[in-house]
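Please look at the structure below and follow the text through it, one part at a time.

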Amino acid sequence: MTQDYRPRPRELARELLNGYLVEHQLQSGDRLPSERSLCEAWGLSRSALRSATARMEKDGVLCSRPGAGTYVAQRKYTRNLQGLLSLSRSASEQGRRVTTRLLDLKRIECDKTLAKRFGQVLGYPLYKVARLRMVDGEPLMVETAFLPAERVEGLEKWDLERGSLFAVLEEAYGLIPEQGEEKVSITYATTDEAELMGIEEGAPLFWIVSQTYDQNGELLEYCRAAARPDRLRITSELKRRDAAERGGDIHEA
Amino acid sequence: MRHEEAIGPNSPLYLQLRELIRGKIEGGEYPPGTAIPSVGTLAETYGIHRLSVRSAISALIGEGLLKSVQGKGIFVVGDKLERDLETVGGFRQNMQAKPESRVLVKALRPAGVVYGALLGCAPGEPVHYIKQVSYVSGEPVSQEETYIPEALLPNLKQVDLGVFSVYEALEFYGIRVARREQSLEITELDPMDARLLNVEPGRGVLVLSSVSYDEEGRAVEFTRSYTRGDKCTFSVRYQREG
């Protein structure tokens with residue numbers, strides 16, 4: 001099965017471009033040399049280089065401005081799912097600022113899907129909190145959270161545009177987000193999402209559905225978010241748990 | 001548990017053959033991940049009945065040293081870690097069924113600047129490059145590219161990656177992955193790669209990039225996979241720290 005491997009010219013071009021970014025330590029906003037000089041230096045055809053840059057724009061690595069050349073794109077905001085940091089806190093750790101626009105905050109009654117999620121009957125009261133989250137002033141995601149109303153009565157009193165929802169839950173209600181699960185897939189922008197996030201309708205987006213449980217293991221928040229993939233990268237670290245560590249994890253009775 | 005038995009000239013032939021094969025596995029003549037000679041070949045080589053060959057082999061399959069794969073042959077299984085080792089964090093791929101993978105490319109290439117930086121080796125150092133496509137019930141669901149420094153796994157060439165995963169191959173040769181850093185992004189594929197995955201142009205695919213590290217913190221493998229968003233989701237569990 002071992003064979004001579006020759007990457008296609010466009011793949012070679014993409015690797016050379018990525019290598020160029022690494023070697024020259026280019027930062028977001030830096031301009032790439034002209035197409036012509038890169039083609040000459042690497043012996044590539046224009047079409048190979050163009051399809052490589054087009055692809056790297058889709059990857060969110062490069063962006064081009066018509067007539068002005070190709071630039072290194074704005075660094076994506078990295079959301080690490082370990083440790084349950086709120087968006088605002090993890091962004092500030094990366095030196096970025098999260099701002100929030102409250103789109104909707106109201107009490108609703110569970111429909112069939114939500115009732116099933118919360119293990120409750122139809123009509124069980126929930127708070128619905130829809131927010132547009134922005135990083136450094138640029139729209140990142142539209143997030144819609146659902147919380148059991150009986151546990152967060154008076155949620156509308158709090159300023160959810162300035163503080164983090166998790167912080168309010170903890171400080172005002174003594175509810176500590178303890179663990180959760182997040183499912184990531186792809187969706188395509190609806191008219192509303194497109195308008196809110198300044199993108200084209202039908203553009204691919206992250207679709208992130210998460211469930212967060214409190215310190216008593218009860219479902220505290222069910223959340224659905226549509227996020228721009230050119231602005232977001234989701235990371236996680238897998239670790240092997242050693243036998244010793246595992247032993248230490250057993251709760252004492 | 002293997003019971004030590006003295007094998008002598010008077011031992012049954014299947015026992016003699018069993019120990020002969022065991023010796024060749026332990027001595028490295030049949031390396032992990034590769035197929036041993038067929039039943040017919042072994043029967044002919046040693047002039048014994050196929051039934052004896054079969055019982056020798058099935059005993060070793062029972063011990064977990066060999067693995068029989070329908071239509072492909074009998075393969076040597078290396079030392080494996082406990083399969084169900086607990087892990088924390090990381091993305092899990094949720095698919096309807098276990099995918100089957102087909103290897104498109106398995107070759108050596110220089111690490112280059114990009115993969116050299118990811119794997120901590122010089123750009124000129126050779127790395128294994130593997131490109132695979134995974135299918136679930138005949139439908140392509142993901143495309144995967146893997147890079148491993150050749151120096152870490154010189155025997156990879158011989159391992160049948162249609163039978164064993166790259167991670168199994170690493171384990172067979174004593175490389176234990178302790179940690180894996182993963183990141184999930186979305187991109188749109190070139191028309192050619194889109195066709196390979198049967199994805200319409202303009203549709204997004206999930207890109208999972210991961211670097212695995214061994215216990216010494218050495219990068220041992222980089223993988224990037226492109227997965228169809230309509231066929232699979234990724235999920236991750238998280239926990240408050242401290």
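Chain B is split into domain 1, residues 13-76, and domain 2, residues 92-235; such bounds come from an automatic or database domain assignment. This is a predicted model, in which local features need pLDDT of at least 70 and side-chain atom pairs count only at pLDDT 80 or more, while totals for chains, interfaces and linings use all residues. Residues are numbered from 1 along each chain as its sequence is written, and chains are lettered from A and ligands numbered from 1 in the order in which they are written.

The C-alpha centres of the two domains of chain B are 31 Å apart. Where they meet, 8 residues of domain 1 of chain B are in contact with 9 residues of domain 2 of chain B. Two residues are in contact if their C-beta atoms, placed from the backbone, lie within 7 Å. On the domain 1 side, these residues comprise 5 nonpolar, 2 polar and 1 charged. Here Ala, Val, Leu, Ile, Met, Phe, Trp, Tyr, Cys and Pro count as nonpolar, Asp, Glu, Lys and Arg as charged, and the others, Gly among them, as polar.

Now take chain B as a whole. Its C-alpha trace spans about 70 × 40 × 40 Å along the principal axes. Chain B has 6 helices and 11 strands; helices (H or I, at least four residues) and strands (E, at least two) are DSSP runs, numbered from the N terminus. Of the contacts in chain B between residues at least 6 apart in sequence, 63% join residues at least 24 apart. Of its 242 residues, 33% count as buried. A residue is buried if 20 or more other C-beta atoms lie within 10 Å of its own, exposed if 12 or fewer, and partly exposed in between, with C-beta atoms placed from the backbone.

One example is B:Leu153, in the loop between β7 (139-149) and α5 (166-172) of chain B. Why does B:Leu153 count as buried? B:Leu153 counts as buried because it has 21 C-beta neighbours inside 10 Å. Leaving aside neighbours within four places in sequence, B:Leu153 is in contact with B:His128, B:Ile148, B:Ala169, B:Leu170 and B:Tyr173.

Next comes the interface between the chains. Here 43 residues of chain B are in contact with 43 residues of chain A. On the chain B side, β3 (87-88), β5 (100-110), α4 (112-119), β8 (177-187) and β11 (233-239) each supply at least two residues. The most come from β8(B), with 10 residues. By class, this side of chain B has 17 nonpolar, 12 polar and 14 charged residues. Strand β10 (residues 232-240) of chain A pairs with β8(B) in the antiparallel sense over 6 bridges; two strands pair if DSSP finds at least two bridges between them. In β8(B), B:Glu181 is the bridge partner of A:Glu237.

Finally, turn to chain A. In its helix α6 (residues 165-173), A:Leu165, A:Phe166 and A:Leu169 are buried. Seen down the axis of α6(A), the buried residues fall within an arc of 110 degrees, so they line one face of the helix. The arc is that of the directions from the helix axis to the C-beta atoms. Among the elements covering these buried residues are β5 (125-135), β6 (138-148) and β9 (219-227) of chain A. Just after α6(A), A:Gly174 takes a positive phi of about 65 degrees.
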